[in-house]
Amino acid sequence: MRAGKQLLLLAAFTVVARCQQKPSVSMSPKLEQIFTGDLFYLTCDEGVSPVKWYKDGVENTWTNKMVKIPAASPQHSGSYQCESNGQRSDSFSIEVLKYLPSASLTILTGQPVMPLEDSVILKIENEDGLQGWNCWVNRGTTTRPIKLKLKEDTVSLPFQTNKLTVPETVYWCTNSTQGCRSNQITLRTSDKRVLLEMYPLPAVAGERLTLSCIARGTDRISQTIFYRNDQIIMTSDKSTYETDSEEGTYKCHATFTYMARTSGPPVKEVSDNQEVFPQEHPVQAELSENMDCTCKSCPSGAWSYRYYKEHHQSWAFVSSDTKPHGSGTFRCRAVLDNMRTSLSAPVYVPAAEPNLLLIIIVLVAASVIVLLVAVACYISHRRRNAQGAIYEDVALKLRRGGDDDKYETLQKASRTEAEYDTLQSEAAGTQKKSGEYEPLRKEEMKEGVYHTLGMEGAVAAGGGGGGGEGGYEALKKHEVKEGVYHTLGMEGAAGGAGGGGEGGYEALKKHEMKEGVYHTLGMEGAVAAGGGGGGGGEGGYEALKKHEVKEGVYHTLGKEGKV
Ligand SMILES: *[C@@H]1O[C@H](CO)[C@@H](O)[C@H](O)[C@H]1NC(C)=O
């Protein structure tokens with residue numbers, strides 16, 4: 001009896017002693033840094049419910065001894081105190097970072113909501129290596145370490161979780177001093193046959209949220225109804241629905257059948273409720289068109305900048321503080337010791353322009369070589385054969401390939417002196433404008449042949465013909481009609497002496513045998529030939545220049561063109 005009384009007294013004493021103890025605020029799981037979206041609990045230790053909670057000295061609405069913060073946001077930053085039996089705790093300070101942790105933890109196989117007793121495979125990834133890293137699991141009140149079996153220094157490692165036995169299990173990883181960590185992955189369990197999955201989780205304010213209704217053991221869902229706060233937001237024959245990230249309690253109702261079913265009505269079932277707390281978007285880096293990575297809202301510090309390139313629908317880390325080269329789609333982020341910004345908006349860099357220019361130059365060079373070979377072949381061929389025969393062939397071809405529209409301009413131009421002058425200046429103008437022609441000219445600048453080709457090219461450009469093609473080709477097209485022929489023939493004569501476009505000159509000589517024109521031309525041809533004989537290709541060009549300079553000769557030709 002006496003002993004019982006003493007025991008009662010002792011019990012009463014301990015209760016009083018406990019009540020007099022000052023409460024204190026603790027955090028579970030204990031996180032060294034808190035990032036947006038983190039899940040944690042605050043507990044008023046030694047407190048007896050109901051307790052009072054203060055944030056920055058102001059009482060708030062919480063009354064429970066243990067308070068859950070389901071998705072931390074910067075508004076949660078502050079100094080917390082709890083009060084129990086008239087005693088207030090010391091302040092407990094919380095700072096929620098608007099950044100991402102250094103490492104990322106993702107679900108490799110499985111979903112955020114799993115059937116009881118199932119497990120998922122998670123993947124931890126840290127660009128700076130995982131040496132010394134381990135992970136942690138929190139099941140409400142207890143936190144346990146998970147040892148990672150790292151075979152070599154690697155940047156990513158998949159690992160399987162234990163069977164999920166409680167409604168909510170939180171995973172994250174840290175380095176050995178816990179100075180660095182990953183984001184959290186929260187896995188929930190459900191014993192329902194219908195599960196509601198949401199991506200991304202935690203939801204991000206201002207971004208889309210994908211809801212997916214899954215029936216275990218079948219994909220034959222004939223109808224899905226999605227609810228937010230018990231209100232229907234969507235009725236659909238599809239099992240996924242995309243919506244704005246809005247805070248609320250979500251669930252889905254599915255009508256489905258199993259594969260093995262032969263008769264009977266379909267199954268209708270509703271999922272568990274899932275709470276959504278959209279988190280604020282973490283600070284984002286900006287990437288400019290010329291690959292400058294910046295973070296305007298980052299506080300000053302030793303930030304470095306990392307670049308990522310799109311590779312098989314994911315973002316591969318390519319360089320740190322060095323602008324990436326080449327084409328592709330890039331993003332970047334700013335990185336500090338223990339945190340980083342989210343990835344910038346992607347910037348597409350097309351294949352570099354110089355490459356394209358190089359291709360054009362190569363193509364032009366190739367066509368010039370082909371042209372030179374063709375000219376050389378033609379010269380040797382001509383030397384071996386009778387001139388008349390060759391001319392006849394050429395003439396026939398030319399008649400078929402004549403371009404009337406283009407010819408019209410040329411012909412008119414050659415009718416009168418004035419018009420002819422116009423043609424000459426037009427030819428020069430077009431020559432400058434033609435992009436493809438320019439490289440060709442540069443290419444051949446050093447060669448004597450160029451001068452000849454250049455002149456004929458000018459004619460080709462004047463007549464609207466292709467600049468890239470050989471001067472001789474262009475010339476051929478224009479030779480269809482007599483009037484123009486004379487004019488061109490003259491130029492051909494000059495060119496012929498140079499050794500480049502023999503065709504024109506020879507053809508002219510042949511063709512105009514019967515006409516008076518020939519004599520004049522022949523004479524000039526003689527001048528040109530003389531020049532060509534004296535100085536090879538260069539000489540030919542000089543001869544031509546002489547023609548142009550000497551007005552008298554020119555006019556004569558113009559008149560003759562009319563005949
Ligand atoms: C853990 O990360 C922090 C922050 O980056 C770093 O200062 C610390 O040295 C790291 N600890 C180890 C053991 O690497």
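The report below takes up peptide bonds and backbone torsions in this predicted model.

## Cis peptide bonds

In the predicted model, the peptide bond that links Tyr199 to Pro200 is cis, and its omega is about -10°. Pro200 belongs to the loop that runs between strand S20 (194–199) and strand S21 (208–215).

A cis peptide bond is also found from Leu201 to Pro202, where omega is near 0°. Pro202, too, is placed in the loop between S20 and S21, the loop in which Pro200 lies.

## Positive phi at Met291

Met291, which is not a glycine, has a positive phi, with a value near 65°. This residue sits in the loop between strand S28 (286–287) and strand S29 (293–294). Is Met291 buried or exposed? Its relative accessible area is 6%, and because buried means under 20%, Met291 counts as buried.

## Positive phi at Gln313

Gln313 is likewise a residue other than glycine with a positive phi, here of about 65°, and its place is in the loop between strand S30 (304–311) and strand S31 (314–320). The relative accessible area of Gln313 is 79%, and since exposed means over 50%, Gln313 is classed as exposed.

How values were computed
Residues numbered from 1 in each chain as written. Predicted model: local features only at pLDDT ≥ 70, side-chain atom pairs only at ≥ 80, totals over all residues. Heavy atoms only, no water. Helix = DSSP H or I, 4+ residues; strand = E, 2+ residues; numbered from the N terminus. Buried < 20%, exposed > 50% of the residue type's maximum accessible area, 1.4 Å probe, protein only.
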